[in-house]
Amino acid sequence: MKFSHFGALLAPVALAIAALSGCSKPANPIEDMMIANPDEWPNWGRTGSEAHYSPLDEIDTGNVADLKLAWHYDLESGYSASTPLMAEGKVFLTTGHSHIRALDAVSGKQLWEYDGGTRERATSSMGLGWGSKGIAYSNGHVFLVTTDGFVTSLDTATGKEAWKVQDAPADGAPRQYNGTPRVFGGKVIIGFGGADISAARGFVTAYDEKTGKQVWRFYSVPGDEPNAGGAKGNDLMAKSWPGGWKKPDGSRRGGGGTAWNAFSYDSELGLIYLGLGNGFPYNQKLRNPEGGDNLFLSSIVAVKADTGEYVWHYQLCPAEQWDCTATTDMTLATIPVDGSPRKVLMQAPKNGFFYVIDRQTGKLINEPGKIAKVTWAEKIDFATGRPVENPGIRYNGKPGLFEMWPGPTGAHSWMPQAYSPQTGLVYIPVQDMAAMIGEGQAGGGELGGGNGATLIPEVDLPGGHKSYLKAWNPVTQKEMWRVDLPGSWPAGVMTTSGGLVFQGRMDGKFVAYDATTGKEVWSFQTESPIVGAPISYRVKGKQYVTVITGAGGQGAGMQSLGNAGLRTDYRLPRRVLTFAIGGKDTIPPFTYTEPQPPADPEYKPNAALAQAGAMKFGMNACLVCHGWNAVASGAAPDLRYSPVITDAATFKAVVKGGALKLNGMPPFPQVSDGDLETIRFFLRTRAQQVPAERKALADRAKAQAASAAKPADFVGKWKIVIQTSAGPQEAVLDIAANGNALTGKATASQGSVDLTGKVENGRAKLEGRASLPFPIAVTYDVTVRDGQMTGDNSNGPFGTFPVSGTR
């Protein structure tokens with residue numbers, strides 16, 4: 001079988017199987033496309049199966065303890081949450097804004113580099129945006145797509161451009177190209193994002209890998225331009241958008257379906273699978289008041305690789321209006337179903353279910369299981385393939401906000417899952433994270449202009465801000481094992497024929513687990529978090545494992561609060577790390593200096609102005625890079641420590657004038673001078689709160705330790721201080737006890753809340769309900785030591801804040 005996108009061919013499957021002879025018999029059949037050229041890693045998921053599986057087994061559970069650093073390469077600050085490639089004895093990687101390097105795969109020596117020119121060329125924040133998550137290789141060329149839409153082929157010998165084309169139409173619609181291109185069947189497959197802020201029509205384009213000529217373009221929602229999908233696909237779309245997609249003035253009222261991350265390829269069937277995204281506006285009553293499923297939003301679509309013609313589709317969330325997407329990895333494999341092998345597509349999308357689909361027909365193989373906490377749907381009906389939605393999920397015309405698990409950051413985001421045919425398990429980076437969502441509120445509060453939805457995407461609720469590595473059985477739809485991970489942003493995964501699963505962590509630990517049991521069998525401590533997925537390759541009979549360190553890639557700038565207790569500083573060293581049995585390299589010592597907020601003697605507190613600035617900070621998308629409540633988690637600098645916030649002229653030059661554009665900070669000329677100063681005041685306020693928040697984090701860690709406090713120790717009136725994002729807020733907590741049961745009232749300037757709870761293991765946990773005007777949960781988790789109360793206060797979606805108090 002010929003795989004045109006690999007530099008070398010391994011035609012006889014028997015040779016590949018022989019390379020695995022040191023391992024036990026596979027649990028499931030190993031398809032030859034998963035084995036092809038095991039020495040290299042030429043695409044995002046290694047092959048078109050997107051399994052992130054290496055057939056190499058020199059490094060296994062028996063000798064992984066001898067895995068040592070073979071070489072490292074230091075990177076500059078900037079986006080590095082990406083997956084490298086290996087071909088022709090070279091490691092290729094992208095960091096920053098479309099910056100490409102080729103390194104010698106054995107020594108790490110740089111061979112060449114290429115700058116995609118995005119920082120100089122981009123004219124919008126979308127065009128600049130984050131860096132790319134990966135690149136692709138085929139037949140002596142590396143392929144990238146810059147964040148502003150230029151698809152480029154580079155000669156692997158020199159790094160020179162072979163061809164370059166612009167993918168984005170000249171229609172002015174905001175688009176961002178931060179996903180990974182693929183090369184399947186001689187075609188470079190390109191998608192983009194942007195459906196969270198624009199009704200732009202989503203599409204996927206295939207370019208000839210040799211010439212850069214456009215071969216086909218598949219549009220995922222209706223429109224006027226010709227569509228490679230063909231009559232059947234167009235007819236399905238038209239019927240599912242009753243009333244059409246145009247406003248009376250002819251402009252587009254509904255769009256989306258962007259494919260910014262996930263593609264897979266079955267060379268035997270000649271099919272490419274497209275993972276398509278959400279709609280815009282989120283609110284379907286604005287996007288298509290007449291209803292309908294709105295195909296192909298939130299859908300997996302199979303198209304013919306040669307022509308882009310529609311073959312079948314499966315829609316995860318019909319009439320989606322919650323940022324429900326099908327843009328996570330789609331892994332192809334053969335698994336036993338009722339005693340017979342079935343060729344399947346497996347996906348763990350954001351909505352919290354695990355799908356196993358016949359990749360020839362698009363039909364469900366079994367009833368999807370839940371990989372995380374799910375409240376938006378009871379189940380997926382096996383007979384119809386449609387979700388059984390829970391009451392309230394359709395927020396149109398309803399007051400207030402409702403709690404939704406998972407939120408738009410998903411139970412599984414773009415970080416790759418992995419599949420091992422040896423164990424038959426899929427290894428998924430999973431997160432539990434809730435959101436509050438509802439119809440757009442009068443007078444503002446929408447996620448974005450015209451979106452029609454109010455969304456608080458990082459809600460701090462009990463059970464949230466957690467992440468895991470889960471081993472999932474796709475046949476039984478059961479979790480086989482899990483590892484609790486630090487922080488709330490789990491890294492991409494790789495598995496190998498040596499019976500190992502590799503994954504980085506937000507605390508800077510690179511870990512190997514036993515693929516069967518989940519037992520940790522090896523680790524390496526770095527100075528930086530790891531988000532990108534590792535790869536493995538072989539040169540002259542020696543197996544290597546490579547990973548890139550550095551935080552980033554958080555969806556919608558979220559996941560910062562869940563990582564606040566970890567060291568995720570943007571300035572931490574970012575490196576390419578490569579390991580081998582018996583490696584002899586070392587990393588130079590690194591001394592971390594804790595950042596300090598700038599001196600700001602003219603600052604005067606103003607809680608109302610700070611709160612207004614927090615809203616402007618969110619509504620102008622500052623949090624996309626710099627974090628919720630301005631708590632950054634490595635995607636960009638933490639503005640609480642920036643001296644720029646203390647000077648109005650400098651702040652304006654950077655934010656509106658683009659003074660730091662070449663550093664990756666896009667200009668925001670649309671922000672008014674008044675709003676700019678309000679945002680700056682919010683950041684100055686957040687800087688002032690740093691010392692108290694650091695102390696509170698230390699107190700929190702101390703409070704989490706075992707406590708001998710009894711119910712009587714909590715009784716009485718407590719004067720407490722809550723360190724909120726708008727500044728310290730004073731309140732009185734009045735508590736009474738009856739055995740272990742507690743009742744009480746929290747009173748502050750905004751009003752009072754009745755509380756009930758109990759004492760467990762020396763901690764008092766109380767909860768009440770308030771209205772703002774929508775109902776929110778108010779909780780306290782506190783302990784008492786030496787007459788001092790310490791702990792946390794959580795105010796629904798607005799965050800969890802440190803509490804300290806005295807009787």
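## Two crossing helices

Helix 7 passes helix 10 in a left-handed crossing, where the near helix is turned anticlockwise from the far one by less than a right angle.

Among the residues that meet are Leu609, Ala610 and Phe617 in helix 7 and Ile679, Phe681 and Phe682 in helix 10 (contact is heavy atoms within 4.5 Å).

## How to read the model

This is a predicted model, in which local features need pLDDT of at least 70 and side-chain atom pairs count only at pLDDT 80 or more, while totals for chains, interfaces and linings use all residues. Residues are numbered from 1 along each chain as its sequence is written, and side-chain values use heavy atoms, with hydrogens and water left out.

## Aromatic pairs

The count comes to 26 aromatic pairs, taking rings of Phe, Tyr and Trp (its six-membered ring) with centres within 6.5 Å; planes under 30 degrees apart are stacked, over 60 edge-to-face and the rest tilted. Phe92 and Trp112 form a tilted pair, 6.2 Å centre to centre with 45° between the planes. Phe92 lies in strand 4 and Trp112 in strand 6, so this pair ties together parts 20 residues apart in sequence. Both Phe92 and Trp112 are buried (under 20% relative accessible area, with a 1.4 Å probe and protein chains only).

Phe353 and Trp376 are edge-to-face, because their planes stand at 85°, with ring centres 6.1 Å apart. Phe353 and Trp376 are buried too. Elsewhere, ring pairs link Phe502, Phe510, Trp522, Phe524 and Phe579 into a cluster.

Terms used. Helix = DSSP H or I, 4+ residues; strand = E, 2+ residues; numbered from the N terminus. Buried < 20%, exposed > 50% of the residue type's maximum accessible area, 1.4 Å probe, protein only.
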